Amino acid sequence: MIVAENVEKRFGDALVLKRVNLRVEPGEVVTILGASGSGKSTLIRCINGLEALSGGKITVDGHDVSTKAGLVAARRASATVFQLFNLYPHMTALGNITLAPIEVLKLPKAEAEARARALLDKVGLGAHAGAYPQQLSGGQRQRVGICRALAMQPRYLLLDEVTSALDPEMTGDVLRILAELADDGTTMVFVTHEIEFARHISSRIVFLEQGELIVDLPTAQFFAEDGGLAVPRIRQFLSKMKKD
Amino acid sequence: MRYADFTPYDIVLLLQGLGVTLALFVGTTLIGLAIGLALAVAHHYRVPGCRPVIVLVTEALKNSPVLVQLFLVFFGIPAFLHIRMSPVEAATLTISLNTAAFAFVVFRSGIESIDRDQIEAAQVFGLSRSQILRLIIAPQAAAFSVGPLVGILVNQLQVTSLISVIGVFDLTKIGNILNLRTLQPFIVWAVIGLIYYLAAKTLAHAGGRIEAALRKSVKWGGI
Ligand SMILES: Nc1ncnc2c1ncn2[C@@H]1O[C@H](COP(=O)(O)OP(=O)(O)OP(=O)(O)O)[C@@H](O)[C@H]1O
Ligand SMILES: [Mg+2]
């Protein structure tokens, strides 16, 4: 379980996360919605330890990310897929995927590569194991990014706008893969602007407004007239998203 | 045979001089690259108090004449600290530090050229600092650095000729000796120049091959 309690994050004078509380149980898909600048990425970066908390506490399966040992354990339990892929440009697709399994999980190389090839096959990139990131399209790179995360066999997947750098066709490819993962019961924390997709795969939706988590509802209720839509800010956000 | 004539033995003298030049060059290059790399890594990890000192010293080394540095080390430091220093020691120390200063700049920009994004990815996947340095930063920084480093080293090879001034029997010093004996400056300095030229070309060629090997994936446009 991922638990965020009264999480605060400051950049200089700006309070970017304000006493945020969030709980993600195994098997859930939780989508974080919110306007640009509302703190979605910052929250993800606090969970994976890329930002230090200014206040509050985050635990992943009980491991406190603000302690050194806790962060190591928390990072073993979760894996992140990035908006801009963040692949290692000097390594092939296979190298990108096997690096952490070999170096961190200490898997034998052959086993790590077999696992990586199986994942690449699954996302339709079986023929591209030897390709460098520069040789792949955006959609293909993001699929490698997803394989890299899955190769760690994480209990939680953190995804921050993983399709927003992709054109619609490639977005479809990536979303299909994520939907399959959700069906398989993969636990995900998902930041996206793809509202319809979020509605389709999420078990819960939370809404961030200027660093405050103002709504946390099961998906059906979030989109119900007497639920999320009753909150003027959310209604406004959703109608603006529909127009875009 | 007149006293001033060239003799076959002069070839041996030239080879000895070349040997001294190359040995000094290789030695100072290895020391200089190691120090430059260590400085760049210390700079990258913001070792406390390191940055201003590193920048000050390397700037001083890059922006003053090597001959002046050599005099300071050979004459100045022994006088100041009341120690003895041989010409070879002074030459080794001076050129090593000088190479280190230039290498530091190249390694630093090599490290800085690497996207933060990838390093963050490696961090969240649990790689340790030293694993990130070894597996993510070093290979890319190396491929980025080889080209500029080869240029610097070709220049440092020429710079070694300055050490003849404090009495090291390098190639240039041998040239001096032959010139005084034969009074044939045109031939002597043309030959010495040609030898330096050939050494520099060989070095540049070897550097080019190393660079090509490091960038062996032509398609890897990530640097
Ligand atoms: N490293 C940083 N230094 C200073 N301010 C930052 C930093 N990172 C984020 N911020 C600020 O924190 C706020 C929240 O940023 P964040 O990236 O979390 O928003 P977001 O909800 O992910 O937005 P978007 O939808 O545009 O990705 C913004 O005002 C941003 O300017
Ligand atoms: Mg964001």
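Modeller: Let's settle one term before anything else: contact means heavy atoms within 4.5 Å. This is a predicted model, where local features need pLDDT of at least 70 and side-chain atom pairs count only at pLDDT 80 or more, while totals for chains, interfaces and linings use all residues. Residues are numbered from 1 along each chain as its sequence is written, chains are lettered from A and ligands numbered from 1 in the order in which they are written, and side-chain values use heavy atoms, with hydrogens and water left out.

Colleague: Fine. Which residues does L127(B) touch?

Modeller: In soluble globular proteins, nonpolar side chains tend to be buried together. Leaving aside residues up to four places away in sequence, L127(B) touches L99(A), A100(A) and V104(A) in chain A, plus A122(B), I132(B) and L135(B) in chain B.

Colleague: And how many residues are in the largest nonpolar core?

Modeller: A nonpolar core is a set of buried Ala, Val, Leu, Ile, Met, Phe, Trp, Tyr and Cys residues joined through side-chain atoms within 4.5 Å. Buried means under 20% relative accessible area, exposed means over 50%, and partly exposed is in between (1.4 Å probe, protein chains only). The largest one here has 67 residues, and L157(A), L178(A), F125(B) and L127(B) have the most contacts inside it. A second, separate core has 27 residues, including I32(A) and Y156(A).

Colleague: Now charges. How many salt bridges does the structure hold?

Modeller: Side chains of opposite charge can pair when their charged atoms come close. The cut-off for a salt bridge is a side-chain nitrogen of Lys or Arg within 4 Å of a carboxyl oxygen of Asp or Glu. Over all chains there are 14. One of them pairs R143(A) with D173(A) at 3.8 Å, N to O.

Colleague: Which parts does that pair tie together?

Modeller: Helices (H or I, at least four residues) and strands (E, at least two) are DSSP runs, numbered from the N terminus. R143(A) sits in helix α5 and D173(A) in helix α6 of chain A, so the pair links parts 30 residues apart in sequence. R143(A) is buried at 12% relative accessibility, whereas D173(A) is partly exposed at 26%.

Colleague: What about D10(B): which side chain does it meet?

Modeller: D10(B) forms a salt bridge with R181(B) at 2.9 Å, N to O. D10(B) lies in helix α1 and R181(B) in helix α7 of chain B, so this pair joins parts 171 residues apart in sequence. D10(B) is buried, at 4% relative accessibility.

Colleague: Which residues form a network through shared partners?

Modeller: K9(A), R45(A), E51(A) and E120(B) are joined into one network by salt bridges that share partners.
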